Amino acid sequence: MKTQDISSLLLDSNLSKDLKKISEKVISNERISIEDGVLLYEKGELGFLGILANYVRENKNGNNVYFNRNFHIEPTNICVFDCKFCSYSRLLKNKEDGWELSEEDIIKMVRKYDGKPVTEVHIVGGVHPKMGLMYFANLIKKIKDIRPDLHVKAFTAVELEYMCRKANVSYEEGLRILKEHGQNSLPGGGAEIFDETIRKEICEDKCTSAEWLEIHETAHKLGMPSNATMLYGNIEKFEHRVDHMNRLRELQDKTKGFNTFIPLKFRNKGNQMSHIPEISVVEDLRNYAISRIYMDNFGHIKAYWPMIGRSTAQLSLAFGVDDIDGTIDDSTKIYTMAGSEEQSPALTTQELVELIKQAGRTPIERDTLYNVITDYSNYDFSKEEVVA
Ligand code: V47
Ligand code: SF4
């Protein structure tokens, strides 16, 4: 979408004055306010938001769409917390179909990728009372001994808050220990919605919004970057989404430590909020677009394909998204259990590349920190055996 498309937007006589004002701000690189953000949610039609978000996205990332070669390890789904939206966890008192991987199981999973060009392992799971800080620190060390080249993105702020509290150490001490044992960065989970009243309704017993933000700020200070998520499409209102993004935007101004923002659509299968219908794909696309417009200091917006499905992920590339996560290799259960259409999430590099090309974009394999590994625009897959 080129600049003339965006300027024609301003000539559109059907566009209300307030939306025109917001477009002018976006075009002149001026930050939009909380009120502007809410107004975009209330009045912005899909086509209008798409043009604006695409303008921002192409200024930041050109035509590039990023992906990586990764796999997940979910050490356990036993969890001391009881989030109402979670389809994955099994409470301590009801752990018949819960799993607890041993250290040996986990090492075996890592060994499975010997000689394969994966660049990242994402480790996240339920909050198990017996798997503590030093258990995980030593586990990371063992993973790094096997694969020193692998970027370890591990533990949500929810897991970290619990680990540090149990070990009786400050967040800084806890994170420093994990870093010394080889952890490189933090994933964005556990943020949900920061508004305290909504948080109390949907996940009252886990770390607070202030604690989530403090843990990420501490990690950034220690040189560990992180991601940020937002769980949307359940009981929250538009103003709660904007408030959530605003708290992240403020922290990013301070630390510049976030890599990417990942909106996560509430999926309603098999959890305590199953009576709430899932929102439409149009609402998902509007949400991606507004995220791109609002989060002006975030380099990237990710559509996590195992959660949103590959078709919507492809569509999102015209609505501000420039990253669709990775190959995954069927190694995560969180969204499978919550009813995602992706019941065995795995894509080869070639499939990811084709998916991106079909959307008219340039496929770029990245590492976790968005360094370019390979530009696949003119890559000939027939000349090599593709591994993952
Ligand atoms: O914190 C759980 C969410 C998150 C449901 O950093 C649900 O690269 C929707 O954060 N419907 C964990 N969402 C996953 C996560 C993540 C995923 C991919 C990449 C990255 C990254 C981070 O999943 C939880 C929660 O917000 N979640 N249940 C559900 N029913
Ligand atoms: Fe536990 Fe995370 Fe599920 Fe909450 S979302 S119940 S913290 S596994």
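A quick word on the model before the close-ups. This is a predicted model, in which local features need pLDDT of at least 70 and side-chain atom pairs count only at pLDDT 80 or more, while totals for chains, interfaces and linings use all residues. Residues are numbered from 1 along each chain as its sequence is written, chains are lettered from A and ligands numbered from 1 in the order in which they are written, and side-chain values use heavy atoms, with hydrogens and water left out.

**View 1. Phe136 and Phe155, a tilted pair.** The structure holds 15 aromatic pairs; rings of Phe, Tyr and Trp (its six-membered ring) pair if their centres lie within 6.5 Å, with planes under 30 degrees apart counted as stacked, over 60 as edge-to-face and the rest as tilted. Here the ring centres of Phe136 and Phe155 are 4.7 Å apart and the planes meet at 55°, which is why the pair goes down as tilted. Phe136 belongs to helix α6 (residues 133-146), whereas Phe155 is in the loop between β6 (151-154) and α7 (157-167), 19 residues apart. Helices (H or I, at least four residues) and strands (E, at least two) are DSSP runs, numbered from the N terminus. Phe136 counts as buried at 5% relative accessibility, and Phe155 counts as buried at 1%; buried means under 20% relative accessible area, exposed over 50%, and partly exposed in between (1.4 Å probe, protein chains only).

**View 2. Phe261 and Phe298, edge-to-face.** With centres 6.1 Å apart and planes at 70°, the rings of Phe261 and Phe298 make an edge-to-face pair. Phe261 sits in strand β8 (residues 258-265) and Phe298 in the loop between α12 (281-294) and β9 (300-301), so the pair ties together parts 37 residues apart in sequence. Both Phe261 and Phe298 are buried.

**View 3. Arginines over tyrosine rings.** Arg249 lies over the face of Tyr294, 3.9 Å from the ring centre. Arg366 has its charged end over the ring of Tyr370, at 4.5 Å from the centre. For the record, a charge sits over a ring if NZ of Lys or CZ of Arg is within 6 Å of the ring centre and within 35 degrees of the ring normal.

**View 4. The largest pocket, with about 200 Å³ of space.** Its lining includes Val26, Ile27, Asn29, Tyr55, Lys60 and Asp296. Helices α2 (17-27) and α4 (46-61) each supply at least two lining residues, and α4 gives the largest share, four residues. By type, the lining divides into five nonpolar, two polar and four charged residues; Ala, Val, Leu, Ile, Met, Phe, Trp, Tyr, Cys and Pro count as nonpolar, Asp, Glu, Lys and Arg as charged, and the others, Gly among them, as polar. Asn29 turns up again for its backbone: phi is positive, about 65°, although Asn29 is not a glycine. Asn29 is in the loop between α2 and α3 (34-43) and is exposed at 71% relative accessible area.

**View 5. The largest cavity, about 740 Å³ in volume.** On a 1 Å grid over the protein atoms alone, a cavity is a set of points where a 1.4 Å probe fits but cannot get out, a pocket is an open set with protein on both sides within 12 Å along at least five of seven lines, and lining residues have an atom within 4 Å of a point. Grid points are joined across faces, edges and corners, and a volume is the space filled by probe spheres set on the points. There are three cavities of 30 Å³ or more. Of the 39 residues lining the largest cavity, Gly189, Gly190, Glu192, Ile334 and Tyr335 are the closest to its centre. Its lining splits into 18 nonpolar, 13 polar and eight charged residues.

View 6. The largest share of its lining, three residues, comes from α7. Five of the lining residues are nonpolar, two polar and one charged.
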